[in-house]
Amino acid sequence: MTLGGVGFPSVVRCEGAPRDLGLDQGEACAAALRISLDALKGPASPRPLERDLRRHFPQLAERLEGMARGGRLPARILLRALARELGSVRQHEHPATRAGALWGFAATWTGGGATLAWAARGADLPWQVRRSQPENGLASLEIVVPWLPGGVAGVNAAGLAVACTTLEAAVAPQPCAAPAFLLVQECLQRFESVEGAEEWCLHRPAGGRATILIADALGGLVGVEVVGAERERLVAQNGILASPDAPVHRPQIAAKAMATPGLDRPARLALLLQHLRAEELLPGSPRAEPKVAAVALDAEERRLWVVGGQEPARALEVAPRPL
């Protein structure tokens, strides 16, 4: 099932070493991968991507190999699909990781702790919630499509939330052919606070153009703009951070709604999700029955709130509390 469909998907659980994490995903998503083969088209020569993936994101390279094995398809198909996420204008199609909205809100708006908000642009894609328990690293919940080794948005067990949107990249040689959204998964696995994740995103090689927002359980909220080898630190204005391509008025309207007196935290996040589901966030989408996959990442509570189709929002904890 998909987040964009009539039902909410079961959580894909992945555990162990990098290849085991990928194997779990490939086996769980094998049917979705076969159905999506036509979508897994991309640049004909993924060799630079394979080189840079192994060099700069070795664990995700191993995870992709495990996915190919579990899904019983050649790794080169997954590499071609991953190459699309660089967002080159030559491709004439949107990367899966290009969000319809990406916002961050300080505690003053959410009623406690910084919160990130992300909405899918490709509502018809088979979005999944994935629970990762790496052998050496922090557990996390992420939003991902079956053919990508890294999540586009997620929260980990330490209360670090990270979300990304790929932006349209200029047609120019890339110093790194591994797309920048892969930094999301690395940060979720490695870091507990904004400081470490921000430094990682500011200095690690990555390709394409993207906005990455980072929040933590202590209320930290920052962003990093990636343009090939160039990096820019983004700072919240009036407690709000937004991707440059987000509609200017939307985050402000959502923030004011969340600040309504008398609302508890779940009610505030429900309002945020309502704004993310707004149909106009997805230009060109059908006017009837919007199917937006919308996510709120609650760093303080270590929760991922998600809504798809016409179903009510659902909250998932990274590490469910014992009964």
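Modeller: Let us begin with a term: buried means under 20% relative accessible area, exposed means over 50%, and partly exposed lies in between, with a 1.4 Å probe and protein chains only. This is a predicted model, in which local features need pLDDT of at least 70 and side-chain atom pairs count only at pLDDT 80 or more, whereas totals for chains, interfaces and linings use all residues. Residues are numbered from 1 along each chain as its sequence is written, and side-chain values use heavy atoms, with hydrogens and water left out.

Colleague: Which residues are buried in α8?

Modeller: Helices here are DSSP runs of H or I with at least four residues, strands are runs of E with at least two, and both are numbered from the N terminus. Helix α8 covers residues 194-203, and the cover over its buried residues includes β7, α7, β8, β9 and β10. The buried residues of α8 are V194, A197, E198, W200, C201 and L202.

Colleague: Are α7 and α8 roughly parallel or antiparallel?

Modeller: Axes are lines fitted to C-alpha atoms, for helices over the stretch in contact, and angles run from 0 to 180 degrees between N-to-C directions. The axes of α7 and α8 come within 10 Å and cross at roughly 150 degrees. Angles under 35 degrees count as roughly parallel, over 145 as roughly antiparallel, 65 to 115 as roughly perpendicular and the rest as oblique, so the crossing angle makes α7 and α8 roughly antiparallel.

Colleague: At what angle do the axes of α1 and α4 cross?

Modeller: Helix α1 spans residues 18-28, while α4 spans residues 58-71. Their axes come within 6 Å, and the angle at which they cross is roughly 35 degrees.

Colleague: How far does α4 reach from its first C-alpha to its last?

Modeller: The expected span of a helix is 1.5 Å times one less than its number of residues. Helix α4 has 14 residues, for which 20 Å is expected, and its reach is close to that, at 20 Å.

Colleague: Which residue follows α4?

Modeller: Helix α4 ends with G71, which is one of its buried residues. The residue that follows α4 has a positive phi, near 60 degrees, and is R72.

Note on methods
Contact = heavy atoms within 4.5 Å.
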